[in-house]
Amino acid sequence: MTATVPSRPAADPTAESAPHPASPAARGPNRAGRQLHGGPVTYAVLILFTAGSLFPLVWTAIAASRTNTRLAGTPPPFWFGGNLARNLDIAWHDANMGAALLNTAVVAGTIAAGTVLFSTVAGFAFAKLRFRFKNALLLLTIGTMMVPPQLSVVPLYMTIAELRWTDQLQAVILPTLVSAFGVFFMRQYLLQALPSELVEAARMDGAGSLRIIWHVVFPAARPAMAVLGMLTFVQAWNDFFWPVIALTQNGSPTVQVALTGLGRGYIPDQSVIMAGALLGTLPLLIAFVLFGKQIVGGIMQGAVKG
């Protein structure tokens, strides 16, 4: 008597594709597709850091709304007073803030545009082109970042005086149109974001160097250009050391130079100084509120590029 072995049922062709109940696919989206949420400790730390970051700005506004006598009192004020409009009006007229803001916008905008343009072109050359002494020139460019700016003040001022540019905006603009940091930053970005095959393909199609830079390099480097432009604009807006040497308050001052006139006198009025500082900071805050989404988007796009 032979035992009969029961035949195995035909395998379902769709059975192998079904996820196992214990597999991650059966439990829902994997961790890479989920949105991470912070716990109470994370939100507490973020709130603490946000409050610490906003405190100097809030304190500037509080001090600008008080009197000089109240600021010298103990304890210092921790809430707004009623003299904000008066102090802002005094700072606006005494420091000629209207002309100073216009001059600073011209200086910072020109420096940011020039730095982004020249740094992108130089960064592309160091990243993708082949020429003699490329590495030596790159090391020389990076080496200039190690030289303290105070060492170049005397020869730079002598040059500006020989050109008769003292107390003129070009004395502040031209020496800072290119930065070694910008060249290095754009070079590092283009090494990863711009494939060499794309440049070679453009050359095979008959594109010249200028056309490659305009139609290939600039679109690929747009996120890094936005970040570099933002950083350069803020730095040029807040620059004090060289503008206070090359410019005067009665000529063509920038905001930082104009603010030095508010601190003169036997007893400087700290509330008026704070009001002037608040006027000089407001344009940057307004620009970030209006273009903050584009700025952060450019930073994130540049962070995940390549």
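**Buried positions, cores and loops**

Analyst: Start with Ser 119, which counts as buried at 0% relative accessibility. Keep in mind that this is a predicted model.

User: Which helix holds Ser 119, and which residues does Ser 119 touch beyond four places in sequence?

Analyst: Ser 119 is found in helix H4, residues 97–128. Setting aside residues up to four places away in sequence, the contacts of Ser 119 are Gly 114, Ser 179, Gly 182, Val 183, Met 186 and Leu 228.

User: How far is the polar side-chain atom of Ser 119 from the backbone oxygen of Thr 115?

Analyst: A polar contact needs N or O atoms within 3.5 Å. The backbone oxygen of Thr 115 and a polar atom of the Ser 119 side chain are separated by 2.6 Å.

User: What is the overall make-up of the protein in helices and strands?

Analyst: From the N terminus on, the elements run α-α-α-α-α-α-α-α-α-α-α-α-α-α. The count is 14 helices and 0 strands.

User: What share of the residues is buried, and what share of the contacts with a separation of 6 or more joins residues 24 or more positions apart?

Analyst: The protein has 306 residues, and 30% of them count as buried. Among contacts with a separation of 6 or more, the share from residues 24 or more positions apart is 70%.

User: How many residues are in the largest nonpolar core, and which have the most contacts inside it?

Analyst: In soluble globular proteins, nonpolar side chains tend to be buried together. Here the largest nonpolar core has 29 residues, and those with the most contacts inside it are Met 97 and Val 255.

User: Which helix supplies the largest share of this core?

Analyst: At least two residues each come from H4, H6 (153–162), H7 (170–173), H11, H12 (241–246), H13 (255–260) and H14. The largest share is 6 residues, and it comes from H4.

User: Which residues does Val 255 touch beyond four places in sequence, and how many residues make up the second core?

Analyst: Val 255 touches Met 97, Ala 100, Leu 101, Thr 104, Trp 237 and Gly 280, leaving out residues up to four places away in sequence. The second core is separate and includes Val 116, Leu 190, Ala 220 and Leu 228. Its size is 21 residues.

User: Is Gly 276 buried or exposed, and what is the C-alpha distance from Gly 276 to Ala 91?

Analyst: Gly 276 lies in helix H14, residues 270–303. The relative accessible area of Gly 276 is 0%, so this residue is buried. Beyond four places in sequence, Gly 276 touches Ala 91, Met 97, Leu 259 and Leu 262. Gly 276 and Ala 91 are 185 residues apart in sequence, and their C-alpha distance is 5.2 Å.

User: Where do Pro 253 and Thr 254 lie, and is each buried or exposed?

Analyst: Buried means under 20% relative accessible area. Pro 253 has 2% relative accessibility and therefore counts as buried. Thr 254 has 5%, so Thr 254 counts as buried too. Pro 253 lies in the loop between H12 and H13, and Thr 254 is found in the loop between H12 and H13.

User: Which residues does Thr 254 touch beyond four places in sequence?

Analyst: For Pro 253, the contacts beyond four places in sequence are Ala 99, Ala 100, Asn 103, Leu 247, Thr 248 and Ala 258. For Thr 254, they are Ala 100, Thr 104, Val 107, Pro 243 and Leu 247.

User: What are the phi values of Arg 164 and Asp 167?

Analyst: Arg 164 is in the loop between H6 and H7 and, at 71% relative accessibility, counts as exposed. Asp 167 is in the loop between H6 and H7 and is partly exposed at 23%. Neither value is negative: phi of Arg 164 is near 60°, and phi of Asp 167 is about 65°.

User: How do H10 and H11 pack, and at what angle?

Analyst: H10 (residues 209–220) and H11 (residues 222–238) have axes 4 Å apart and pack at about 65°. Angles of 65 to 115 degrees count as roughly perpendicular, so H10 is roughly perpendicular to H11. The contact uses Phe 218, Pro 219 and Ala 220 of H10 and Arg 222, Pro 223 and Met 225 of H11. The packing is roughly perpendicular, at an angle of about 65°.

Methods:
Residues numbered from 1 in each chain as written. Predicted model: local features only at pLDDT ≥ 70, side-chain atom pairs only at ≥ 80, totals over all residues. Heavy atoms only, no water. Axes fitted to C-alpha atoms, helices over the stretch in contact; angles between N-to-C directions. Parallel < 35°, antiparallel > 145°, perpendicular 65-115°, else oblique. Contact = heavy atoms within 4.5 Å. Buried < 20%, exposed > 50% of the residue type's maximum accessible area, 1.4 Å probe, protein only. Polar contact = N/O pair within 3.5 Å; in protein donor to acceptor, adjacent residues only side chain to side chain. Core = buried A, V, L, I, M, F, W, Y, C linked by side-chain atoms within 4.5 Å.
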